[in-house]
Amino acid sequence: MTTSASVPAEPEGAISTGTVTDRLVDANQQYAAAFSDPGMDARPVLRVAVVACMDARLDLHAALGLELGDCHTIRNAGGVVTDDVIRSLTISQRALGTRSVVLIHHTGCGLEALTEDFRHDLEMEVGQRPAWAVEAFRDVEQDVRQSMQRVRTSPFLVHTDDVRGFVFDVKTGLLREIDPA
């Protein structure tokens with residue numbers, strides 16, 4: 001597993017001269033020095049798209065035994081199936097050949113602690129109401145079911161028979177499949 005310890009850090013006691021982004025760019029320079037073109041195209045080898053939460057605790061490739069080029073990965077807050085996720089899945093299926101969709105939410109998600117009041121608070125702070133919904137939820141299993149339903153009923157998606165949803169346990173690393181009914 002890659003952790004922030006893999007990103008070059010300032011020596012202990014040294015005064016930081018750059019930002020986190022500077023550290024990431026430096027790490028990329030090291031990566032690029034050893035990089036060789038894997039010769040792949042954008043079509044995922046396993047013909048699967050994975051929709052998951054952006055939570056930093058989810059190392060999807062390691063958790064699912066995936067390699068570079070195996071899948072399309074679409075991430076957002078909560079792993080919620082929004083219009084933009086449908087957009088990405090539509091392109092993934094219709095232009096790039098995916099046939100299966102795996103949805104992964106997780107325990108301890110930050111969206112369980114938010115409400116749509118978050119949008120109201122933003123509006124009060126910046127003077128403009130966000131056009132997007134927070135998509136907060138209280139029941140992670142029900143939210144996975146809702147996400148599966150959104151995928152299965154989208155008129156833009158042509159492959160909706162192999163859509164499965166899971167909850168990833170951030171304490172054990174195990175997936176628990178959610179029955180869509």
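This is a predicted model: local features need pLDDT of at least 70, side-chain atom pairs count only at pLDDT 80 or more; totals for chains, interfaces and linings use all residues.
Residues are numbered from 1 along each chain as its sequence is written, and side-chain values use heavy atoms, with hydrogens and water left out.

**Overall organisation**

- The secondary structure of the protein chain amounts to five helices and five strands, where helices (H or I, at least four residues) and strands (E, at least two) are DSSP runs numbered from the N terminus.
- Read from the N terminus, the elements follow the order α-β-α-β-α-β-α-α-β-β.
- The C-alpha trace spans about 55 × 50 × 35 Å along its principal axes.
- Of the 181 residues in the protein chain, 31% are buried; buried means under 20% relative accessible area, exposed over 50%, and partly exposed in between (1.4 Å probe, protein chains only).
- Among contacts (heavy atoms within 4.5 Å) between residues at least 6 apart in sequence, 61% join residues at least 24 apart.

**The sheet**

- Five strands form an open sheet with mixed pairing, in the order β2-β1-β3-β4-β5; two strands pair if DSSP finds at least two bridges between them.
- Strands β2 (71-76) and β5 (175-178) stand at the edges with a single partner strand each, so one side of each lacks a neighbour in the sheet.
- From one strand to the next, the twist averages 25°.
- β3 and β4 are paired in the parallel sense over six bridges, and Ile-104 stands opposite Phe-166 in β4.
- β4 (residues 163-168) and β5 run antiparallel and are joined by four bridges.
- Within β5, Arg-176 is the bridge partner of Val-167, and Glu-177 is that of Phe-166.
- The hairpin of β4 and β5 has six residues between the strands, and Gly-173 in this hairpin takes a positive phi near 80°.
- β4 is mostly covered, with five of its six residues buried.

**Helices packed on the sheet**

- Strands β4 and β5 are linked by four bridges; helix α3 (residues 83-94) packs on the sheet, touching β1 (48-53), β2 and β3 (100-106), and its direction makes about 175° with that of β2.
- Helix α5 (residues 140-153) also packs on the sheet, where it touches β3, β4 and β5, and its direction makes about 160° with that of β4.
- For these angles, axes are lines fitted to C-alpha atoms, for helices over the stretch in contact, and angles run from 0 to 180 degrees between N-to-C directions.

**Nonpolar core**

- The largest nonpolar core has 34 residues, of which Val-51, Leu-89, Val-101, Leu-103, Ile-104 and Val-151 touch the most other members; such a core is a set of buried Ala, Val, Leu, Ile, Met, Phe, Trp, Tyr and Cys residues joined through side-chain atoms within 4.5 Å.
- At least two residues of this core come from each of β1, β2, α3, β3, α5 and β4, and β1 gives the most, with six residues.
- Beyond its neighbours within four places in sequence, Val-51 is in contact with Ile-74, Gly-79, Val-85, Leu-89, Val-101, Val-102, Leu-103 and Ile-104.

**Cysteines**

- The structure holds zero disulfides, a disulfide being a pair of cysteine sulfur atoms within 2.5 Å.
- Cys-53 is in no disulfide, and the nearest cysteine sulfur, that of Cys-109, is 4.1 Å away; Cys-53 counts as buried at 5% relative accessibility.
- The sulfur of Cys-71 is too far for a bond, because the closest cysteine sulfur, in Cys-53, is 16 Å from it; Cys-71 is buried, with a relative accessible area of 12%.

- Arg-119 lies in helix α4 (residues 117-126) and is buried, with a relative accessible area of 15%.
- Not counting residues up to four places away in sequence, Arg-119 touches Arg-129, Pro-130, Ala-131, Trp-132, Ala-133 and Val-134.
- Glu-112 is found in the loop between β3 and α4 and is partly exposed, with a relative accessible area of 24%.
- Leaving aside neighbours within four places in sequence, Glu-112 is in contact with Phe-137, Arg-138 and Val-140.
- The C-alpha atoms of Glu-112 and Gly-78 are separated by 8.8 Å, although these residues are 34 apart along the chain.
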